[in-house]
Amino acid sequence: MSIQKLENQVIVRNEKFIETAEQLKPQLHETIVKPSSIVEIKADSEVIHGWRPQIVAPASTLSDSEYGKNGSFVLDFGDHQVGYLTIKIRSAGSPPDAPLKLKLTIGEMPVEMAEPFENYNGWLSSSWLQEETIFVDVFPAVISLPRRYSFRYVKFDVIDTSPKYRVVFESVECKAVTSANINAVQKISHQDEELQKIDEISIKTLADCMHDVFEDGPKRDRRLWLGDLRLQALANYQTFGTNDLVKRCLYLFAGVPDDKGKVPANVFVAPKLIADDTYLFDYSLFFAASLHDYYFATSDLETLKELWPTAYRQVELALERLDENKILKDTPNWWSFIDWQEGLNKQAPSQAVLIYTMKQAIRLAEELNAAEKDSLKDRLAEIEEATKTYLWDEKQQFFISGSDRQVSWASQIWMVLAGVLTKEENNKLMKRLLAENPAVGIATPYMYHHLIEA
């Protein structure tokens, strides 16, 4: 895993666009959610991560118990929640002669309740693991935790009180927040119960990622990424229809290009709008794709007119990477995401992303009758022809990538999505891909979306 850091990043802030984005900042819907049950976490080799919850009592009985030093329990909120915790505690017994020291472990999966966070050793920062140590001096107390959490389970460990008193947890609740209006989603009834459940969980997942912006994830990486925005927006058009949130995100990206006009791969919105120093070839192009999808979902011509120069600039910058054969230069100094798959060569899938987004840019140029439409069409024809000439392996009947002529799932998938071949040829290519199963596979749900779409 390598990290991209730029030493001399120059951002050209477009305050007009940033103000437009600010005016589109959504109102958050708040819902008070109470836990459903008290559970024990049991080892079970048959389930994911090896742990499962077992209900021991309804959560409504919580206030019947007193807890002293080394007391512990786990609350199950019954479903995934994103929001803020409030805990009401009182003392029992003698007047408290020492503070309560309380540890909270907050997690999405039973494994987080069962295995100590101290044992974690991964390349993602351990600070994403959700835990708090709280000291309470005066009782009764209402503790409202300031951080927003993403969770289903909360483990309470009473580290210490004193021998003279114990504590009672009178209530625990979560103020769940989202900018999505769940009631706006049309309910569907599917004859396949598993598909029905997948649909419900997918909608809940999207809602949990919708806050001031579409977040990559409500627990980790709570920021706006262009590649994620594109797919989240597509799902949003069919469900919540919170289209002003998509518009806000587009203006945030357009508000902080660099001095060449390139939009960053992601932005932070607190304490103010900040462009990250990560730039990805495919993500920059997805600004044009996201604007295309937004326009055809909303017919918002005014936004298209304002953001078209930014979108077109991403295509212009991408075209500068082509060599004399109209193929992307595959050198160490460029970044394209595509997928986290180890060893994946990005040249061919990125070439396909360029073709895919150029076709969308041409459709936008036609809507605007923009001067750039004819030159884009000419360039596209040349690039598609070059792609078939240099990246199609007639013998293997696969697209190849890089100097070692790698055959990957990602290259075939993106070439199908880009429509480089005919529909019939694409059909054969996908069947061959599934049958032959090249070694360079798929790592992320993000890439699986593109497989399914292809």
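Asp157 belongs to strand E8; helices (H or I, at least four residues) and strands (E, at least two) are DSSP runs, numbered from the N terminus. With a relative accessibility of 17%, Asp157 counts as buried (buried is under 20% relative accessible area, exposed over 50%, partly exposed in between, with a 1.4 Å probe and protein chains only).

A word on what you're looking at: this is a predicted model, where local features need pLDDT of at least 70 and side-chain atom pairs count only at pLDDT 80 or more, while totals for chains, interfaces and linings use all residues. Residues are numbered from 1 along each chain as its sequence is written, and side-chain values use heavy atoms, with hydrogens and water left out.

## The chain as a whole

There are twelve helices and 14 strands in the chain. Its C-alpha atoms fill a box of roughly 85 × 50 × 50 Å along the principal axes. Of the 454 residues, 52% are buried. Take the contacts with a separation of 6 or more, and 75% of them are between residues 24 or more positions apart.

## Aromatic pairs

The structure has 21 aromatic pairs. Rings of Phe, Tyr and Trp (its six-membered ring) pair if their centres lie within 6.5 Å; planes under 30 degrees apart count as stacked, over 60 as edge-to-face and the rest as tilted. Phe77 and Phe151 make an edge-to-face pair, because their planes are at 85°, with the ring centres 5.1 Å apart. Phe77 sits in strand E4 (residues 72–93) and Phe151 in strand E8 (residues 149–160), so this pair ties together parts that are 74 residues apart in sequence. Both Phe77 and Phe151 are buried.

Trp392 and Phe399 are also an edge-to-face pair, at 4.9 Å centre to centre and 65° between the planes. Trp392 is buried at a relative accessible area of 17%, and Phe399 is buried at 0%. Elsewhere, ring pairs join Trp123, Trp225, Tyr283, Phe286, Phe337, Trp340, Tyr356, Trp414 and Tyr446 into a cluster. Phe286 has the charged end of Arg230 over its ring, 4.6 Å from the centre (a charge sits over a ring if NZ of Lys or CZ of Arg is within 6 Å of the ring centre and within 35 degrees of the ring normal). Arg432 lies over the face of Phe398, 6.0 Å from the ring centre.

## The second largest pocket

This pocket has a volume of about 620 Å³, the volume being the space filled by probe spheres set on grid points joined across faces, edges and corners. A pocket here is an open set of points on a 1 Å grid over the protein atoms alone, where a 1.4 Å probe fits, with protein on both sides within 12 Å along at least five of seven lines; lining residues have an atom within 4 Å of a point.

Of the 22 lining residues, Asp258, Lys260, Lys262, Tyr279 and Asn333 are the closest to the pocket's centre. Helix H6 (281–298) and helix H7 (301–319) each give at least two residues to the lining.

## Ala443

Ala443 is in the loop between helix H11 (423–436) and helix H12 (445–453). At 42% relative accessibility, Ala443 counts as partly exposed. Beyond neighbours within four places in sequence, Ala443 is in contact with Asp339, Trp340 and Gln341. Trp340 also belongs to the aromatic cluster.

Technical notes:
Contact = heavy atoms within 4.5 Å.
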